[in-house]
Amino acid sequence: MSNVNEGKIPFWRDSRIIKVIIQLLTISIIILVFILLGNNLSQNFRQLGLTFGFGFIFDPDLNSRFNIGDSPIPYQPTDPYYRAILVGLLNSLRVMITGIILAFLLGVIIGLGRLSDNWLVQKIATIYVETIRNTPLLLQLFFWYFAVFLKFPKIDAPLVLFNSIFLSNQGVYLPFLLRNLQTFLAILILLLGGITAFLIWRKKTKVIIQQGTTGKVYNIGLITILILSFLIVFFGLDWQFPNYDSQVQRIQNGLNLSPEFATLLTGLTIYTAAFIAEVVRSGIQSVSKGQWEAAKALGLNSGLAMRLVIFPQALRVMIPPLTSEFLNLAKNSSLAVAIGYNDIYAVSNTISNQTGKSIEMLLIVMVTYLIFNLIISSGMNRLNRFVQLKEK
């Protein structure tokens, strides 16, 4: 009996019990801190005669009483506060989604340029990356806003490119499809054409690898599908081209990008693309030279070797830091308040000043950005699991 008792470890020396105790103490301290902060906040609210609640957002008797110049949906200053918050939310989403797509595409191009054998391309890409990465984003936004977009000609004498793009100090005007069945048909045609082209490209790649042929028939089919899709979209559908109306002295029709939106999108895209370029470069360089040599031994040219061998392996290294850059772009979009773009942060700040509900609006902004970032990280984590090697 004594031998059995001697073999037992006292609980204060058992590492498993110690870990549980440490975790319980940590959770208790965190809960205690939140209780103290909440109690302090409640006392301050009582002293100032304030109340905590979100009912004012949906109160029809409380109007927002401020204009939002860049509104993707109908909005009036007489609308309730929830309508203004919705406009700010949509404005933030416009910048985030478009910025992530454009920054990734530009970052991949610059990253490949950094690895180019062409001396000029490599130096230009290097100068771009080193200049943009070492300059504050806020300073770049001010440059694009005050030195570029606000310096465009006045609305009565805009700068016209290709007889279809108008640049003025009131925004950028681009050709755009009518917002009806035409837009839906254009998207449908592009999707069908893209899917067909992708299937042809996959078939062509398999033929080249398995049979060693050049795949000329598939090349012709691929090019034909792409050309037909774009011809139907650009010439077969009714496009809205911007035009200057001298009577009202403004540019009508087309898609208008306000100077604030164009500044924020341009600044975030160019800034984030510089970091993504380094992610792409380091990911490609992490693939061993033996993979390049194996691809060349199979008879693959540089383009196929990059698409089929190098880039898929580099993705396993690239996706985690890419996730961080996408999250940074989403959070950096809050700098829109510096140039007057009405995103969720700017709108919430205005509502807070009007109503004195600073804590409530701060919580709304925090939860909004938290949800945005969780969606981005969740999607990237799924993609990361998809590209990782599956162990048997």
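A: A residue is called buried under 20% relative accessible area, exposed over 50% and partly exposed in between, with a 1.4 Å probe and protein chains only. Asn373 has a relative accessible area of 15%, so this residue is buried. The model is predicted: local features need pLDDT of at least 70 and side-chain atom pairs pLDDT 80 or more, whereas totals for chains, interfaces and linings use all residues. Numbering starts from 1 along each chain as its sequence is written, and side-chain values use heavy atoms, without hydrogens or water.

Asn373 belongs to helix α12 (residues 358-387); helices (H or I, at least four residues) and strands (E, at least two) are DSSP runs numbered from the N terminus. Beyond its neighbours within four places in sequence, Asn373 is in contact (heavy atoms within 4.5 Å) with Leu327, Ala330 and Lys331.

The aromatic rings come next. There are 11 aromatic pairs in the structure. Rings of Phe, Tyr and Trp (its six-membered ring) pair if their centres lie within 6.5 Å; planes under 30 degrees apart are stacked, over 60 edge-to-face and the rest tilted. Phe143 and Trp144 form an edge-to-face pair, because their ring centres are 5.6 Å apart and their planes stand at 70 degrees. Phe143 is partly exposed, with a relative accessible area of 48%. By contrast, the rings of Phe261 and Tyr341 are tilted, since their planes meet at 45 degrees, with centres 5.9 Å apart. This pair links distant parts of the chain, 80 residues apart: Phe261 lies in helix α8 (residues 259-285) and Tyr341 in the loop between α10 (302-332) and α11 (344-355). Both Phe261 and Tyr341 are buried. Elsewhere, ring pairs join Phe142, Tyr145 and Phe146 into a cluster.

Leu264 is, with Phe66, Tyr128 and Ile351, among the residues with the most contacts inside the largest nonpolar core, which has 73 residues. Such a core is a set of buried Ala, Val, Leu, Ile, Met, Phe, Trp, Tyr and Cys residues joined through side-chain atoms within 4.5 Å. Elements giving two or more residues to this core include α3 (81-114), α5 (137-148), α8 and α12.
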